[in-house]
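Here are my notes from going through this one. Have the model open while you read, and start with the packing.

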Amino acid sequence: MRMDSMINSKPVIKVFFDQDKLKETDIQEVLWGIEEEGIPYELFPVNIENAVDSGYKASVESSLGVGIGIDEKTIVLHYNKLKKDSPLFIIKRNSDSTKIRSLGANAARLVVKMPFKEI
């Protein structure tokens, strides 16, 4: 865990996205899905090797244990209790907006232990 995360950790879903290839507007549907469920999130523009690894790292660094990794092609929802190479959900970034928003909502639902939306 990064030292600054330990000092300033507040309960949020962490969202890591590829800062070299994406802007916040490119991932807005995911964020709206989280917001609709009322759970706070924090964005981290980072250098990403792949969405699975970044999603796992985000989940480990999140005090809620939930993280999302987004690279140029993939969006991943990860939970810190799962194996690194076994995320909860993986979808293509060019999926329809309903599917992408549902993934964001499911990240929030994981936190509050509600049934997932269908993706």
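Which residues does Ile70 touch, not counting those up to four places away in sequence?

1. Bear in mind that this is a predicted model. In it, Ile70 touches Val15, Phe16, Phe17, Asp18, Leu22, Ile27, Val30, Ile48, Ala51, Ile75 and Arg93, once residues up to four places away in sequence are set aside.

2. Ile70 also shows up in the largest nonpolar core, which has 21 residues. Along with Ile13, Val15, Ile68 and Ile75, Ile70 touches the most other members. Two or more residues come from each of β1 (13-18), α2 (28-36), β3 (66-70), β4 (74-79), β5 (89-92) and α4 (97-112). The top contributor is α4, with five residues. Apart from this core there is another one, made of five residues, including Phe44, Val46, Ile48 and Ala58.

3. Now α4 itself. The helix has 16 residues and spans 23 Å from first C-alpha to last, close to the expected 22 Å. Its buried residues are Ile100, Ser102, Leu103, Gly104, Ala105, Asn106, Ala107, Ala108, Arg109 and Leu110. The cover over them includes β1, α2, β3, β4 and β5.

4. Asp96 caps the N-terminal end, with a side-chain oxygen 3.0 Å from the backbone nitrogen of Thr98. After the helix comes Lys113, with a positive phi near 60°.

5. Is Ser54 buried or exposed? Ser54 counts as buried because its relative accessible area is 8%, under the 20% cut-off. Beyond its neighbours within four places in sequence, Ser54 is in contact with Phe16, Ile48 and Gly69.

Methods:
Residues numbered from 1 in each chain as written. Predicted model: local features only at pLDDT ≥ 70, side-chain atom pairs only at ≥ 80, totals over all residues. Heavy atoms only, no water. Core = buried A, V, L, I, M, F, W, Y, C linked by side-chain atoms within 4.5 Å. Buried < 20%, exposed > 50% of the residue type's maximum accessible area, 1.4 Å probe, protein only. Helix = DSSP H or I, 4+ residues; strand = E, 2+ residues; numbered from the N terminus. Contact = heavy atoms within 4.5 Å. Expected span 1.5 Å × (residues − 1). Polar contact = N/O pair within 3.5 Å; in protein donor to acceptor, adjacent residues only side chain to side chain.
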